[in-house]
Amino acid sequence: MSTTAPDPLATLGALPGVADAVDSVRKAVDRVYGHRVMRRRSNEVTAEAALRGARGSAALSGADWNLEEVRRRTDFSSDDESQVIGAALRLTAEAGQLLSIWRQSPLRVLARLHLVAAGGAAPDDAVGRPRLAGEPVDEPLIEAPLPSAGEVAGRLEGLSGLILAGSAAPALVTAAVVHGELLALRPFGSYNGLVARTAERIVLIGSGLDPKSICPAEVGHAEQSRAAYVAAFEGYLSGTPEGMAAWIAHCGRAVELGVRESTAVCEALQRGAA
């Protein structure tokens, strides 16, 4: 008699309220992909979504700059906030280049993301690898207790196994779990929030939900406020069905707000005002 291993992500997809969130996201994404501007100017929408997504992710990590300031600046090395903005911009530029590697080795991609984010701002031996026992973590937004280095290693392997095994779960569920787990683990000494949100982006792109990367969830996470982000993340940390469902719904709402942002970009392009 053969048995099939359980699919933990699909189980989460069956939680009350999650199906509604998934359906709402799918409809929103379909609407923006159907916009007439996407037929000939999708590259412009993608570029603008990357910029706005980077700004939103950086805002959650404490560098809440005006969009036009992010667009204007060329030097992102002068102070801590500038370095966060620069890291976020580099990560959004890198995300689309890592899809094939993600499907084969998620841990390699996470190491690469941290390397890109750090950009020489951290000690060389601490970049691109999970933290060791006793090493500090700089992540001001998330104050939850840090898992030990040993637990981090084990849970990263478990997360990688889930991704490599594949799942029948909707892309939103997988993206939310990857995002939440990386925030919970904070596996690197720095830039964990930026890396977690970029990994979420990679899942949404690679799953086919947002193949052109025009639905920046980072915008929506920032728009819902840092306090709401932390509160929803506490639901993930609780591990309860209600908490997990609330986190997934929060991530879904973030995607929908990202869709709204890109829809406005499409409208501006259509009016010739971009």
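This is a predicted model: local features need pLDDT of at least 70, side-chain atom pairs count only at pLDDT 80 or more; totals for chains, interfaces and linings use all residues.

**Entry 1**

Is Ser-225 buried, partly exposed or exposed? I found a relative accessible area of 29%, so I put Ser-225 down as partly exposed. My cut-offs are under 20% relative accessible area for buried, over 50% for exposed and partly exposed in between, with a 1.4 Å probe and protein chains only.

Residues are numbered from 1 along each chain as its sequence is written, and side-chain values use heavy atoms, with hydrogens and water left out.

I then checked the backbone of Ser-225 and found a positive phi near 95°, in a residue other than glycine. Most residues other than glycine have a negative phi. Ser-225 sits in the loop between α11 and α12 (226-238); helices here are DSSP runs (H or I, at least four residues), numbered from the N terminus.

Ser-213 also has a positive phi, about 55°, without being a glycine. I located Ser-213 in the loop between α10 (192-206) and α11 (217-223). Ser-213 is buried, at a relative accessible area of 11%.

I took the expected span of a helix as 1.5 Å times one less than its number of residues. I counted 15 of its 15 residues as buried, so α9 is largely enclosed by the rest of the structure. Just after α9 comes Arg-186, with a positive phi of about 45°.

For α10, the 15 residues should also span 21 Å, which agrees with end C-alpha atoms 21 Å apart. This helix is mostly covered, with 14 of its 15 residues buried. Gly-208 follows α10 and has a positive phi near 95°.

**Entry 1: salt bridges**

I used a side-chain nitrogen of Lys or Arg within 4 Å of a carboxyl oxygen of Asp or Glu as my rule. How many salt bridges does that give? The count is 16.

I looked at Arg-41 and Glu-44, whose closest N and O atoms are 2.8 Å apart. Glu-44 is partly exposed at 39%, and Arg-41 is partly exposed at 31%.

Next I noted Arg-71 with Glu-68, at 3.1 Å from N to O. They are 3 residues apart in helix α4 (residues 67-72), which means about one helical turn separates them. Both belong to a salt-bridge network that links Glu-48, Arg-52, Glu-68, Arg-71 and Glu-261.

My last pair was Arg-260 and Glu-223, with N and O atoms 2.1 Å apart at the closest. Arg-260 is in helix α13 (residues 241-271) and Glu-223 in helix α11, so this pair ties together parts 37 residues apart in sequence. I have Arg-260 as partly exposed at 47% and Glu-223 as partly exposed at 40%.

Methods:
Helices (H or I, at least four residues) and strands (E, at least two) are DSSP runs, numbered from the N terminus.
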